[in-house]
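Here is a friendly walk through one structure, with a few details to check against the view as you read.

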Amino acid sequence: MNNWTELSVQYANQRNYLDSLFKVYPISPNIRREIDQNRWAKIERAFNEQDNETLVKTLLKLDLFPIKDSYVAYLKRDPGSIDRNPNTIARLAGNLYELGLDQVYEKCTEPKETNRQMGPLFKRWIAKGTLGAPVYTNCLSFMQSTGNAILNSSDTEMEKFAREYLGYNHEKGLDFLARFNDKYVIGEAKFLTDFGGHQDAQFADAISTITSPLLPNRFHAEVVKIAICDGVLFIKGNNKMHKHLINHEDQIVISSLLLREFLYSL
């Protein structure tokens with residue numbers, strides 16, 4: 001296990017890890033989705049008149065379709081298929097009528113899942129200047145700066161900068177890009193809330209970023225790749241994530257709570 005990873009494990013198991021982590025990922029109570037009043041009026045009218053096609057078509061335009069059905073994604077991606085498959089539309093509409101209008105509204109306005117809030121939170125934390133170095137939101141200002149500095153723009157913009165100047169050669173946006181003591185640090189941030197399925201894939205995604213080889217870079221600078229991960233991976237046990245940490249000493253997987261200390265150690 002890498003030294004910084006080991007320190008992260010110790011922090012998670014010996015200190016008020018979750019209390020401290022809330023500063024980075026301040027999960028807020030889920031707020032219900034909103035539906036445009038004119039669109040909902042159209043849905044309500046189609047429901048009451050049992051206009052199957054209009055009802056399904058209009059509901060497909062919302063962020064969240066009110067019933068889980070394997071055919072919905074296809075209809076969303078190919079709107080022309082709605083006219084060609086009247087029996088499927090009638091079946092979906094029948095399920096909606098059975099659900100009832102009030103429940104259709106409840107299902108359409110369900111809050112986003114908590115893990116979908118995570119993406120922007122890390123970058124908002126970085127933007128506060130928590131790491132003790134100037135934070136720049138565009139590449140030119142970052143390049144023109146001297147000394148320690150952080151680039152905190154879009155994932156795509158940071159990927160483009162890293163690809164052009166730092167030899168980054170992986171098809172993935174970046175969550176973190178900084179310069180400390182003339183070394184460049186690039187990484188991806190993840191908050192892993194559970195084991196298995198999607199969360200295992202998220203962990204693998206972060207690892208693939210730091211294991212992808214770098215090309216020679218235009219700055220002729222040392223580039224350090226890190227995975228800034230928090231959550232269940234630091235729980236000691238026989239889980240897939242923790243076993244990976246133990247067996248890969250060469251990979252820097254570090255908690256966001258130790259990021260500042262790591263950067264100033266370079």
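This short report looks at a strand and its partners, then at a residue in a helix.

## Model

Please keep in mind that this is a predicted model.

Let us begin with strand S4, which spans residues 183-192. This strand is mostly covered, with nine of its ten residues buried.

One of its partners is strand S3, residues 176-180, and the two pair in the antiparallel sense over five bridges. Two residues lie between the strands of the S3 and S4 hairpin, where Asn181 takes a positive phi near 50°.

## Strand S5 and the crossover

S4 also pairs with strand S5, residues 223-231. Here the strands run parallel, and nine bridges join them. For a landmark on this side, find Leu192, which stands opposite Gly231 in S5. To get from S4 to S5, the chain passes through helix H12, residues 197-211, forming a right-handed β-α-β crossover.

## Thr58 in helix H4

Now turn to Thr58, which sits in helix H4, residues 52-60. Is Thr58 buried or exposed? Its relative accessibility is 4%, so Thr58 counts as buried, since the cut-off for buried is under 20%.

Which residues is Thr58 in contact with, leaving aside its neighbours within four places in sequence? They are Arg39, Lys42 and Ile43.

Notes: Residues numbered from 1 in each chain as written. Predicted model: local features only at pLDDT ≥ 70, side-chain atom pairs only at ≥ 80, totals over all residues. Heavy atoms only, no water. Buried < 20%, exposed > 50% of the residue type's maximum accessible area, 1.4 Å probe, protein only. Helix = DSSP H or I, 4+ residues; strand = E, 2+ residues; numbered from the N terminus. Pairing = 2+ DSSP bridges. Right-handed = clockwise from strand over helix to strand, strands pointing away. Contact = heavy atoms within 4.5 Å.
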